[in-house]
Amino acid sequence: MTDLRATLRLQFHQGFTLDDAVPLVQYFSRLGISHIYASPLLTARPGSMHGYDVIDPTRINPELGGEPALLRLVEALRAQRIGLILDIVSNHMAVGGDGNPWWLDVLEWGVSSPYAQFFDIQWQSHDPAMYGQLLVPFLRCDYGEALAAGDIVLHFDCTTGAFYAQHFEHRLPISPPSYGDILRNSDDTTLSALARRFDTLSGDPQAWHSAQALRAELRELGCPADAIAPTIQRALAQYRPDSEAGLQRLHALLERQHYRVANWRTAADDINWRRFFDITELGGLRVEQAVVFEATHAKIFELIERGLVDGLRIDHVDGLANPRAYCRRLRRRVDSLLDKRPPLLHGQPFPIYVEKILGHGEQLPDDWGVNGTTGYEFMNQLSLLQHDPRGEAPLSALWSTVSGRSADFMEEARSARYLVLTSSLAGDVEEVAQGLLQIARHDLYTRDLTLGAIRRALIELIVHFPVYRTYAGAGGRSAQDQAFFAQALEGARSTLAEADWPLLDHLDRWLGAQPLRELSPGPARQLREKVLIRFQQLTSPAAAKAVEDTACYRSGVLLSRYDVGFDPQHFSAPLADFHAQCRQRAARFPENLLATATHDHKRGEDSRARLAVLSERAEWFAERSAHWRTLSAALHDAGEEPAPNAADEALLFQALLGSWPLTLRVDDEDGLREYFERLVRWQEKALREAKLASSWSAPNADYEAGCRGFLERLLTGDEGLELRTQIAAGAAQIAPAGALNSLAQCLLRLSTPGVPDLYQGAEFWDFSLVDPDNRREVDFAARIAALTQLPALAELLANWQNGHIKQWLISNVLAIRYARPELFRDGDYQALTVEGPAAEQVLAFSRSLGDSHLLVVVPRLASALLGNAETPHIPAARWGDTRVILPATLVDGSLSSLFSTRAIHPQQGSLALGEVLADFPVNLLLLKPTTQESSP
C-alpha cells in the first residue's frame, strides 16, 4: 500500500465491470494514482448505471462480477500498491419494483415487519385514512382506472407459496393474514382448512414466523404437479376486474394490506415516508438506529476487515438524521477493524469522505471524524478564481435582455424553492408543519397558532435558507448554524406579513435555538426532536432540487458558474479568497479531496474552463450571439411559439460553445450526428429540469420536438451550415484560452493542499455534458498509448488539441507527489506577491516543509495576454517585467522547473514570469535537490 496521493473515480456498471478495470490498473499506477475511488459496488437495481439504487447491501453486485471479480481487482491493485476507496449509500435504498426483499417484507407485514424500522416511515400519518399504512405511489394512472384496466393483477408464486399483486414492474405482496380471503374462493376443502389457519395469523404475536410454515404448506399444494394447483388459479380468477364483482373483490383485498397503492402523482402531497430528494424509487433509511446501521454496513465492514477496502465515501450525508453522530459511529467502527486487517495494511491511512455541499462561508465541522469532503467546494473556488468580475455586468445585461428573465440568481433560486416546496416536496413540508402544530398545541402560549400560519412561515424560512442544512441536536446549534439560521429568519421576515413575524421566533426556538437537553425527557421532547430532524432533512432536498435541479437550468448569465456545489450568486472572487481557502484547508482538512470533474457535474471541467473565457470577452460574446440569433431565425419551425424560445436558444449557444469538440469539422456528417445525439439528451434534461416550458412530470412534447428539430437542423442540416460554422469558429477562437484555464486548474488541483481527485477519462480534455453524457465509455486504450510516449514540450504544445498535454502534466506532477509525499501532505501554504504590468493575471504560491520547497505559478484571466495565439501558451515577451517575489527560503540557490531542463536563478529576490513560463503555460518549480528524485 501507499500514501494517499491521488484518487481516480471509476463508474462501474454492467457495461464496465470490476474485471474490465483489472487490465487498466497498471496504467493507473503509471499515471500516479494511489487510490481507485469506486462508485457503489453493492447489489443495485438490475441495469443500474450508477449503483446508488441499492436493493441488497449484503453482497457485491453480480452485474459487476460479484465478489470474485472484486477479489481479482483488489489483487491487481495490491500488486501496484494502489488502494480502493468505496462509495457507500447510507441514506437510502431502491424501493418499488420487485428486487428489494426488505422493502417487500415491509409491504407484506407493515409495522410488524422486522424491517419496518429500517425505512423512515411515518406510520401514524396525519391522514386518518392512512393510519398504519404506507403510501405506495407507483401506479401509472389513478387507482380506479388501473383496477378497471386490469393493470393490477393477482398472482401466486409457487416457488415461495406467496400471493402478490403485480403492476408492471412493481410487486405488491399480499399479507398472509388475508390469504384466507383468496383461498376460500377455491371451494376446495384442503385449501379452506388452510384458509382458516391463515386467518388465525391476525391475532398471532408470532405471525411473521408462523406464516413461514403455512406458506411452505401452500407452496407444496400449489406446485404445478399437484392436483390442487389449478384450483388456486381458479381462486385467483375471482379477482379479475373483467366483472364488477371481481374488481370489487380485488379492491377489498388491496384495502386490507399495509399499504395504499396510488397514482405516482400523489407522492408529492401524500407521501408518508422519506425519499431521496423527491425520487419515489429511493426510500430513506433510519441508519441512526443501531440495528439498521449494522445490517446495512455489515458487508462493508467485512470488506474492510479483509483488507479489500481502504477508504469510504459517504453519499448524501446531509440526508441522514444526524450526520455528526453517524460519521463518528462509522469512524469508531472502522477504527476497531484496522488491527484485524492483513498485517501489510497495518498503519495505513483509512480516509472517510463525505459528499457535502458547502454554502458560501460554510465550513465542514471538524468533530465528525472524517478526512474532509469530496471536493465540490474546491471546484467552486477554482471557478470563481477564473471568472473576470468585469464580465458580470455586461453578461447579466445580455441575459436579461435576451431571455426576459432576471439575472439575479438568488431570485431564480427562491422562485424555484417556492415551486418545489409546494409541489414535489409538498408532502414533506406538510409533515413538518403538522409536527410543528402538535408542538404548538402542547404550549398554553402557542396553542392558538394555526396550521396555515405555521405552514406559511415554514415555507418562507426554507426559501431563505442560505445552506443545505443545520445540525442542531441535544446541545442546540453551533455558532455557525446559528448564524445561518439567523440569515434565514431575516429573509423570512422580508417576505412574510408582519402579523406572522412572532411565529418565526417560535420556529427559531423549536428548530434548534433551544437545546433539546433543556426539555424534560418524555413525549414533548421526543416530538421536538422528531420535528427538528425532519426539518433538517427537508432543507437539504429543498436546496438541491431548487438550486442544482431547477435554477441552474433557468439562469444563463454564464453556464460555467452553474454546477453542483457552486454558489452562482457569486460570479467571481479575488485571489486573496483562494489563498485563504487553501491555508484553511491545509490547517483543518489537509486530506480533503480536490475535485474538478465528477459523475454529477453539469458540464466537464474543460468545458467550464472554456466558458469562463467569456467573462473576459463579454462584449465579443454579446456581438457574436446577436449575430447567431439573426442566423437562427430561419431554423425555427413556423408557429406562434418559437421553439426554442429566446432563453433556451441562448443557453444552447453557450452549451455549444463550451462543448464543441476540438477536432469536429462542420462538414463531418458522422461526427455531427454523434454530437447531436449527445446534445439532444442534454437539451431534454435541461428543458425538463428548468420546469418552465416542459418538465419531467408533464413533458411538453410539442415544444421539446420543436427544440430537437431546431438543434438537428443546426448541427446536421444544410440550412444550419452557416450558423454552425460560425459557432464552431467562435469555439475555436476561445479554445486556446480555455485550454490555458484548464491547465492552470489542473496544476492547482494537483499542488494545493488536499488530495487531487481525477474523474475517469478526464486526463484528456473533458468537454462532457450532464449525465449520462459524463458517464460515457472511456477510450482507455488511447490514454494508455499516449502515456507510453515521451514527446517533447514543443510537440505537446503543437498538438495540444489531442489532450496529451493535460495527461502529461498530471503524470509528471503526480510523480513529484510520489517522490515528496510529506511536502504535499504536510507542507505549509504561502501566497506569493506578484509585481509588474501583468501582476493581476498571475497566481503564485509556495509550499515548504523543512528544507523541501516548491513554487507554483499559473496564469489567470489571461485571455488578453494570449491574444490570437493558436496554442494555450502566452509568449514570454508579453509578461514584460512581471515578477514573482520569493520568500527567503527560495532566494538562495537555483530552482528546477518541472517543465524545462534549464535551471532558473532568482534575481534580486524574484523570478521573471517571462523566464518561469517560457517553455510551458504553467509551472511547478522545486528547490534544486542534491540527489536525483526517484519516480514511481
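Over the face of which residue does Arg 477 lie, and at what distance from the ring centre? The residue is Phe 485, and Arg 477 is 3.6 Å from its ring centre. The points below concern a predicted model.

1. Charges over rings. Besides Arg 477 and Phe 485, there is a pair made by Arg 140 and Phe 168. Here the arginine lies over the face of the phenylalanine ring, at 3.7 Å from the ring centre.

2. Eight strands make up an open sheet with parallel pairing. Read across, the order is S16-S15-S14-S5-S2-S1-S18-S17. Strands of a sheet pair through backbone hydrogen bonds, either parallel or antiparallel. The edges are taken by strand S16 (372-373) and strand S17 (593-595). Each of these has a single partner strand, so one side of each is left without a neighbour in the sheet.

3. Strand S1 and its two partners. Strand S1 covers residues 7-10 and pairs with strand S18 (residues 755-759) in the parallel sense, over three bridges. S1 also pairs with S2, again in the parallel sense, over four bridges. Arg 9 can be followed in both directions: it stands opposite Tyr 759 in S18, and its bridge partner in S2 is Tyr 37.

4. Strand S2 and its surroundings. S2 and S5 are joined in the parallel sense over four bridges, and Ala 38 stands opposite Leu 86 in S5. Are the residues on the two faces of S2 buried or exposed? They are buried: His 35 and Tyr 37 on one side, Ile 36 and Ala 38 on the other, so both faces are covered, where buried means under 20% relative accessible area. Helix H3 (residues 66-79) packs on this sheet and touches strand S2 (35-38) and strand S5 (83-88). The direction of H3 makes about 140 degrees with that of S5.

5. The largest nonpolar core. This core has 104 residues. Which of them touch the most other members? They are Phe 12, Phe 28 and Leu 312. Helix H28 (residues 721-751) supplies the largest share of the core, eight residues. Apart from this core lies another, of 80 residues, which includes Ala 647, Tyr 675, Ile 734 and Leu 927. In soluble globular proteins, nonpolar side chains tend to be buried together.

6. Phe 28 in detail. Leaving aside residues up to four places away in sequence, Phe 28 touches Leu 8, Leu 10, Ile 33, Ile 36, Ile 82 and Phe 780. Why does Phe 28 count as buried? Its relative accessible area is 1%, and the cut-off for buried is under 20%. Phe 28 also belongs to an aromatic cluster with Phe 12, Phe 16, Tyr 27 and Phe 780.

7. Aromatic pairs. The whole structure holds 29 aromatic pairs. One of them is formed by Tyr 27 and Phe 28, a tilted pair at 5.6 Å centre to centre with 50 degrees between the planes. Tyr 27 counts as buried, at 4% relative accessibility. Phe 156 and Phe 163 form another tilted pair, at 5.0 Å centre to centre and 50 degrees between the planes. Both of these phenylalanines are buried.

8. Cis peptide bonds. Most residues other than glycine have a negative phi, and most peptide bonds are trans. A cis bond joins Ala 643 and Pro 644, with omega about 0 degrees. Pro 644 sits in the loop between helix H24 (618-632) and helix H25 (646-659). Another cis bond joins Asp 771 and Pro 772, with omega about 10 degrees. Pro 772 is in the loop between S18 and helix H29 (780-787).

9. Positive phi values. His 316 is not a glycine, yet its phi is positive, about 45 degrees. The residue is in the loop between strand S14 (311-314) and helix H13 (323-338). Leu 861 also has a positive phi, near 50 degrees. Where is Leu 861? Its place is in the loop between strand S22 (852-859) and helix H33 (863-866). His 316 counts as buried because its relative accessibility is 9%, and Leu 861 counts as buried at 9% too.

Terms used:
Residues are numbered from 1 along each chain as its sequence is written. This is a predicted model: local features need pLDDT of at least 70, side-chain atom pairs count only at pLDDT 80 or more; totals for chains, interfaces and linings use all residues. Side-chain values use heavy atoms; hydrogens and water are left out. A nonpolar core is a set of buried Ala, Val, Leu, Ile, Met, Phe, Trp, Tyr and Cys residues joined through side-chain atoms within 4.5 Å. Buried means under 20% relative accessible area, exposed over 50%, partly exposed in between (1.4 Å probe, protein chains only). Contact means heavy atoms within 4.5 Å. Rings of Phe, Tyr and Trp (its six-membered ring) pair if their centres lie within 6.5 Å; planes under 30 degrees apart count as stacked, over 60 as edge-to-face and the rest as tilted. A charge sits over a ring if NZ of Lys or CZ of Arg is within 6 Å of the ring centre and within 35 degrees of the ring normal. Two strands pair if DSSP finds at least two bridges between them. Axes are lines fitted to C-alpha atoms, for helices over the stretch in contact, and angles run from 0 to 180 degrees between N-to-C directions.
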